[in-house]
Amino acid sequence: IRFRLSVFMFLQYFIWGAWYVSMGPYLAVTLKFEGAQIGLAYGAFAWGAIISPFIVGLIADRYFASEKLLAVLGILGGIVMFLIPSCTTFGTFFPMLILYCALYVPTLALGNSLSLHHLANPKVDFPRVKMLSAVGWIAGLFGLGFIASAESPTQFYLAGAASIAFGLFSLSLPHTPPKKTGANVSLGEILGLDALALLKKPSFAIFILCMFLICIPLYFYFVNLGVYLTQLKWTSMLEKTSLAQVSDVIFFLLLPFFLRRFGYKVTIFMGILCWVARYFALGFSVDAAGAQTALIFTAILLHGACYDFLFIAGQLYVDEQCNERIRGAAQGFIAFILWGVG
C-alpha cells in the first residue's frame, strides 16, 4: 500500500510541477499577458480549491469510491490540459484553466484522505509517502526542462499525458468506499459543513487563522518567482528551482522527528518563520547585487521547512483532530482555506 501511494503522490505532483512554475514565463513571454492577467491566471488554482469541497462532499463522500473518482478526475483533467495550448487569449485561457483546476485540486484532498485512511501509522508513514510528491515535482520540472523551455506550450501536453497516467493508476489504489451513505445524511454533511464543527476548538480555530494569513502572501512567491528569474536571465531556471524539492525530500524525512520532539505547535510555528525568512530573502535580493544569487538560493532551499513544517504537519494535525466520518470533509476544508480563500 505504501508503495502504491508513493507512486500515486509522484504522479500527482509530476503533473503540477510540469506546468505550475513555467506557466508564468509562458504567459509573460509567449502569450504577452499583462501582469494582472498572469496573477488572475494563477488565481484559477484558488477557484479550483473553492469549488473542490463541493465536488468532494457532493460526489466522493456520498456516491463514489475515492479511487474511482480520482481516476475520472485525472483522465478528464488530462483532456482539458491538451486543450489549453489552443487558448491563446485571456478570455479563453482563463476559463479553461479554472476548469482544469476544478478537476485537479479535489485530487489533493482526496489523495490525502485516502492515504491517511489506509496507512497504519499516519504520523510516520504519511511524510514518507508524501516525500514522493517532492520527487514527482522535481521530475516534472526536469522533464519539461529536458524537452522544452519554460515559455513553450509543451508543458501542458506533458502535464496532460501525466494526468491521464495518474487517472489510470488511481484504479490500482486500495478500495475506499464513500463514508456518507444512507438516508439520514443531511445536506450540510454532504457539502462537508460538518467539518466546521472543528472550529469550536480554540486551538483548531487559531490554526486555521494562521494558515489563512500565511497563504495570502504565499501566492506572490509562486506566481512571481519564475517571472523574476526569467527577468534576471537565469539559465536552467527550472532545474535550479527544483532544489526546493531536494530540500523538501530532506525535511519530509525530518518531519516525524520534529513532531515527536516539538509537537505540532512549535513545528508549525517554525514553518511560518521560514516563510517569513523566505519573503525577506527575496525582497532584499532585488537591491543586493553582490549577494543576489545567494539570497535567491536561500529562499529556494527554505522550501522544505516552509512546506513540510506548515502544510504537511497541518494536514496531519487536521487528521488527528477529526473522526473517520469527516476526514474527507476536513481535508477538503483545509484545501479550501489554504489554496482557495487564502
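Author: The following account begins with helix packing and then turns to backbone and surface features.

This is a predicted model, in which local features need pLDDT of at least 70 and side-chain atom pairs count only at pLDDT 80 or more, while totals for chains, interfaces and linings use all residues. Residues are numbered from 1 along each chain as its sequence is written, and side-chain values use heavy atoms, with hydrogens and water left out.

The helix in question is α9, residues 202-231. Helices (H or I, at least four residues) are DSSP runs numbered from the N terminus. Two packed helices are described by the angle between their axes and the distance between the axes. Axes here are lines fitted to C-alpha atoms, for helices over the stretch in contact, and angles run from 0 to 180 degrees between N-to-C directions.

The axes of α9 and α13 (residues 303-321) cross at roughly 155° and come within 12 Å. That angle makes α9 roughly antiparallel to α13 (over 145 degrees; under 35 is roughly parallel, 65 to 115 roughly perpendicular, and the rest oblique). The crossing of α9 with α13 is left-handed, a term used if the near helix is turned anticlockwise from the far one by less than a right angle, with right-handed used if clockwise.

Helix α2 (residues 23-30) also meets α9: their axes come within 7 Å and cross at roughly 55°. Helix α2 is therefore oblique to α9, and α2 passes α9 in a right-handed crossing.

Most residues other than glycine have a negative phi. Lys32 counts as exposed because its relative accessibility is 63%, whereas Ser236, at 44%, is partly exposed (exposed is over 50% relative accessible area, buried under 20%, and partly exposed in between, with a 1.4 Å probe and protein chains only).

Leu301, which belongs to the patch, is found in helix α12 (residues 292-301), and it counts as partly exposed because its relative accessibility is 43%.

Technical notes:
Patch = residues over 30% accessible without salt bridge, like charges linked within 9 Å, V, L, I, M, F, W, Y side chains within 5 Å. Areas by Shrake-Rupley, 256 points an atom, 1.4 Å probe, with all protein chains shown as cover. Salt bridge = Lys/Arg side-chain N within 4 Å of Asp/Glu carboxyl O. Helix = DSSP H or I, 4+ residues; strand = E, 2+ residues; numbered from the N terminus.
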